[in-house]
Amino acid sequence: MRTQIVAGNWKMNKNLDETEILLSELSAKLPDSTAEVIVAPTFVNLASTVRQLQNSVIQVAAQNMHFAENGAYTGEISADMLLNIGVEIVILGHSERRAYFGEDDALLAKKVNTALDKNMRIIFCFGEELEERKSGNHFSVVESQLKNALFHLDQSQWNNIILAYEPVWAIGTGETASPEQAQEMHAFIRKTIKDAYNDEVAEGVAILYGGSVKPNNAAEIFSKPDVDGGLIGGASLKCDDFTAIVEAI
Ligand code: PGA
């Protein structure tokens with residue numbers, strides 16, 4: 001059985017005080033769950049988050065990182081810096097990074113390589129835009145995103161990959177893919193991986209769905225056989241909503 005995962009991507013939200021409050025609430029209210037629970041606060045609050053969650057089952061992820069070891073990259077954060085404060089998971093390829101910060105597949109492949117060299121786990125995000133779905137190109141877009149950024153990896157490296165399919169038209173819009181649309185794409189992703197590798201890799205990798213997952217739609221989406229959890233944006237910022245989504249899994 002694959003690991004189930006619920007991850008909260010806090011994006012550029014919550015200052016230090018608000019972060020501490022939400023983490024305390026989550027620690028108190030999070031239901032016992034067999035699923036892994038991950039939160040990704042902003043960089044400046046990662047170190048304090050790790051400290052605050054020291055005795056908690058909640059894990060901490062960064063929202064991004066640079067591919068270089070270190071050096072003259074003003075404003076950037078390296079893998080070693082994250083590891084040094086106890087952050088061993090990183091989100092890469094989020095559609096907002098792709099859209100607003102020009103991150104493309106080639107750059108993401110470099111970031112993936114660095115993170116894996118450092119033995120970090122990666123939540124790798126990808127998904128089609130609205131126009132691509134409307135024109136029926138969504139499967140080929142998703143396939144090429146996977147191929148370009150991940151299919152150079154060898155089989156053992158897939159142990160540290162978590163996939164997050166996030167149709168761009170569903171992120172922060174209140175519009176979700178229907179559970180059937182999510183299942184259809186997740187099954188396609190698994191088959192694509194199976195064709196490129198084998199059954200073991202395809203069946204072993206967790207594929208999360210992201211895009212307006214809320215307490216009222218989480219259970220149905222998570223009930224689909226190829227959906228192994230969710231990457232949650234807006235609803236991860238409220239304790240009650242996030243815990244309800246963890247309960248739904
Ligand atoms: P959303 O964001 O849940 O607010 O749609 C999801 C994401 O961007 O990961």
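**View 1. Asp-199 is partly exposed, with a relative accessible area of 43%.** Partly exposed lies between buried, under 20% relative accessible area, and exposed, over 50% (1.4 Å probe, protein chains only). The model is predicted: local features need pLDDT of at least 70, side-chain atom pairs count only at pLDDT 80 or more, and totals for chains, interfaces and linings use all residues. Residues are numbered from 1 along each chain as its sequence is written, and side-chain values use heavy atoms, leaving out hydrogens and water. Asp-199 sits in helix 9 (residues 199–204); helices are DSSP runs (H or I, at least four residues) and strands likewise (E, at least two), numbered from the N terminus. Beyond its neighbours within four places in sequence, Asp-199 contacts Lys-194 and Gly-204 (heavy atoms within 4.5 Å).

**View 2. Helix 5 (residues 105–117) and helix 7 (residues 138–150) cross at roughly 45°.** Their axes come within 7 Å. Axes are lines fitted to C-alpha atoms, for helices over the stretch in contact, and angles run from 0 to 180 degrees between N-to-C directions. Helix 5 contributes Asp-105, Leu-108, Ala-109 and Val-112 to the contact; helix 7 contributes Ser-144, Gln-145, Asn-148, Ala-149 and Leu-150.

**View 3. Helix 11 (residues 239–248) has Cys-239, Phe-242, Thr-243, Ile-245 and Val-246 buried.** Seen down the helix 11 axis, these buried residues fall within an arc of 155°, so they line one face. The arc is that of the directions from the helix axis to the C-beta atoms. Exposed Asp-240 and Glu-247 are on the face turned away from the buried side. The cover over the buried residues includes strand 1 (5–9), helix 1 (16–29) and strand 2 (36–40).
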